[in-house]
Amino acid sequence: MEGFSDKRVVRNVARTCLTFLLMILMAALNRTNAYSEDGDSALGKKIYEERCQICHGTNGDGKGLVGIIKKSEKSGRVLDVRPRDFTTGVFRFRSTPTGCLPSELDLMRLVDVGITKSFMPPHKDELSMDEKKAVVAYIKTFSERWKDEEPCDPIAVNKPGWVGSRTSVEKGLKIYKDMKCWECHGDDGKGKGPKSNEIKDDWGNAIPPFNFTTGALKRGTTPEDVYITFTAGLDGTGMPSYEDSLDEENRWHLVSYTLKLMGAVK
Amino acid sequence: MQSRFYLSLLLISSLVLLTFVAIATYSALTPEWKQYQTEYKDFLIKNAKDEATRERAEKIDIGIQQIYLTSMKKADRCTSCHRGVENPLMANAEQPHRQHSGNYLENHPVAKFGCTICHRGQGQAMNLREAHGEEHTHWDFPIMPIKYIQSSCALCHDFEMLKHEGGGHVAKGEEFFRGKGCRGCHKLNGVGGDLGKALDGIGSRARAYFPMKHVVGDRTIYNWVKQHFDDPRQIVPESEMRAFLTGEESDLLTTYVLTFTSEQMPRNYMLIKNIVMPRTDGESLYKMYCIACHSDGKASIYDEILKRTIPAIMNPSFLKAIDDNYLKKILKEGRQGTQMTAWKVDAAGLTEQEIDRIIEYIAKDRPAAKTEPFDVAKFKADVKRGEELFNIRCALCHGKKGEGDLGLNLKNPVVQAADPAFLAVTVRDGRAGTPMPPFGKDGVGLIEQDIADIVSYVKTLSQKKL
């Protein structure tokens, strides 16, 4: 009697163990599967709905429940901060040339560090790498562009040593005048140029030019960040790319002058 | 040989000394004022129309002029240079000879009022540099720029009178001050917020009181006040002052603010024509104490200076959710951890009655419809689950520990003491017109149990350390 019961116990334990192992195996399989196709977007969708949808909207059109956030700058200027509309596939903060889709890394970086000054929070500590990849993949489903186009190569950034030097700043000032940067950004760089009130973004909303004296760019404040902005433009806004109209050296001179306006160099 | 050397040394030094004595004597005998008075006298003699006037002009004594104001123990010697100040012949002359502009001297004869009561400067000084007391003379009250001069009128007169009788600027400045919410942050006569410095006596404070480092031009209190109004952070980099004024507006306010002096004029100088009672209706009080931050109260705006969202306190959805008692509690106790001041009588100094009037004004457009109640007691709240939900759903705006950023600071005592049902309703319905979205079935789609869990967690936030 005892032996029989022992055997049954052993068999039960073995069965349980086996089932458990099988479950783990299945789960693992499911997980590997997830990265090839469907499961991926399920995770991405879940993350998106929990964390992004509230601002960016169910359809990714930037019309979430939070809506437009009003922000008053230190100068008293009040701005409307609108969440990105993913349906057009147009992004400002790219490392790729104007008109191109951003790279995977660009989007991952935005999810990671957020966008200071526009309420896009950082998710570095909130999401795992897999979750971030999944949500980026999900965001790409909102626009057909991601199916039709291939991302371009990122812009090469090689900062010359003289950026920020006095002569470079002076040359930059001349370019600032010649290229009519002041028409929007103003002579003093405070974003109050004569055309500053006329600018509309791709969605038809007024978009005021950046006030350099606030010192903090949304993309980031290193000379390299400024250089990329001049080279790639900010697609969807009034800020064009100067890749064709200024050669590399002159773009770096303009960076020098911008850094001066931002108070980063003397 | 040696004696000759010393002899020549003695000779040279005596010569040098003699030269100095000569220079000193010369400059003592020909002071600035003497030169000006001679010019003035010559001018009068030259332009005399008849013999009698010429004779009178020739009789003018050249000497130090002094007006002594007994009741104030003030001695003004300004007329030593400005001798033509009461002479209509000098209407178009160059300074210092020009006649005083306007008809101000008709009612303010120089002999009774002197000059420095209105114009400031150093009355006893005998040369231009020291008398006008501008930069580097270490005189705290240099001569007042003409565009702010009307601030002196308010030493003796009421604003109602000034409005109609030649004090338009300062009267306008006063009106402006009442409408810009300055006292939301600054105390005056003991009433007002405490985010900024008290304004009492600011117009008669010593120069050393003001941080002059970033002032452009002469480091006078006039320039400080004016430039600080133009761009507060240019003058005090860490300033939180919300002043966005045009150049003209800041001139008017500067003129008015300079009237806050600790000096009391003697009775015989005062002329108050109208006793104007301070306005105590809700709207005036709102403008005086609230408007600098909350503006018209209709839009919720994130402010980069205060680094938080300034709530729209006259927004219908806010008023719908909040009753007068809760409003009163917020007004009286403020919101600790934010810039919202406690307005009760022993803090910022508003009386119960004044607070009630402000509330009446804020709540005047409260919608009649009531919110659908939320029966929190029905749910067995799970704080742990609430925390998980909070971290995903709420922390983005309200901060990981509820410290607030775009969203409200949830740690502050007023929120912590609020009725859980009220918090639940807010989470469920959101606040239309603000970034706070509805999280209930009409919005994000959380079920009531989720909301109850979140609220139970929010209630524990006061224990979280930053």
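Helices (H or I, at least four residues) and strands (E, at least two) are DSSP runs, numbered from the N terminus.

## Ground rules

This is a predicted model: local features need pLDDT of at least 70, side-chain atom pairs count only at pLDDT 80 or more, and totals for chains, interfaces and linings use all residues. Residues are numbered from 1 along each chain as its sequence is written, while chains are lettered from A and ligands numbered from 1 in the order in which they are written.

## Chain A

Chain A holds 9 helices and 2 strands. From the N terminus, the order is α-α-β-β-α-α-α-α-α-α-α. Of the 266 residues in chain A, 30% are buried. A residue is buried if 20 or more other C-beta atoms lie within 10 Å of its own, exposed if 12 or fewer, and partly exposed in between; C-beta atoms are placed from the backbone.

Two residues are in contact if their C-beta atoms, placed from the backbone, lie within 7 Å. Among contacts in chain A between residues at least 6 apart in sequence, 62% join residues at least 24 apart.

## Two residues of chain A

A:Thr116 is partly exposed, with 15 other C-beta atoms within 10 Å. Leaving aside neighbours within four places in sequence, A:Thr116 is in contact with A:Ala216 and A:Lys218. A:Thr116 and A:Arg51 are 65 residues apart in sequence and 17 Å apart in space, C-alpha to C-alpha.

Now the helix. A:Leu107 lies in α3 of chain A. A:Leu107 counts as buried, with 22 C-beta neighbours inside 10 Å. Its contacts, leaving aside neighbours within four places in sequence, are A:Pro102, A:Val136 and A:Ile139. A:Leu107 and A:Thr229 are 122 residues apart in sequence, and their C-alpha atoms are 16 Å apart in space.

## Chain B overall

Chain B has 22 helices and 4 strands. Its radius of gyration is 33 Å, well over the 23 Å that the globule rule gives for 466 residues, so chain B is more spread out than a compact globule. The radius is taken over C-alpha atoms, and the globule rule is 2.2 Å times the number of residues to the power 0.38. Along the principal axes, the C-alpha atoms of chain B fill a box of roughly 110 × 70 × 35 Å.

Buried residues make up 36% of the 466 residues in chain B. Among contacts in chain B between residues at least 6 apart in sequence, 61% join residues at least 24 apart.

## Domains of chain B

The domain assignment of chain B gives domain 1 (32-91 + 106-143), domain 2 (148-267), domain 3 (282-365) and domain 4 (376-463). These bounds come from an automatic or database domain assignment. The centres of domain 1 of chain B and domain 2 of chain B, taken over C-alpha atoms, are 29 Å apart. Their contact takes 9 residues from domain 1 of chain B and 8 residues from domain 2 of chain B.

By class, the side of domain 1 of chain B that touches domain 2 of chain B has 4 nonpolar, 2 polar and 3 charged residues. Ala, Val, Leu, Ile, Met, Phe, Trp, Tyr, Cys and Pro count as nonpolar, Asp, Glu, Lys and Arg as charged, and the others, Gly among them, as polar.

## Two helices of chain B

In helix α12 (residues 247-257) of chain B, 8 of the 11 residues are buried, so α12(B) is largely enclosed by the rest of the structure. Among the buried residues are B:Leu252, B:Leu253, B:Tyr256 and B:Val257. Their cover includes α9 (168-179) and α10 (221-230) of chain B.

In helix α18 (residues 383-393) of chain B, the residues B:Gly386, B:Leu389, B:Phe390 and B:Arg393 are buried. They cover an arc of only 105° around the axis, which puts them on the same side of α18(B). The arc is that of the directions from the helix axis to the C-beta atoms. These buried residues pack against α19 (395-398) and α22 (448-458) of chain B.

## Where the chains meet

The contact takes 17 residues from chain B and 16 residues from chain A. Strand β3 (residues 301-303) of chain B gives the most to the side of chain B that touches chain A, with 3 residues. By class, that side of chain B has 12 nonpolar, 2 polar and 3 charged residues.

A strand pair crosses between the chains. Strand β1 (residues 69-72) of chain A and β3(B) run parallel, joined by 3 bridges. Two strands pair if DSSP finds at least two bridges between them. A:Ser72 stands opposite B:Asp303 in β3(B).
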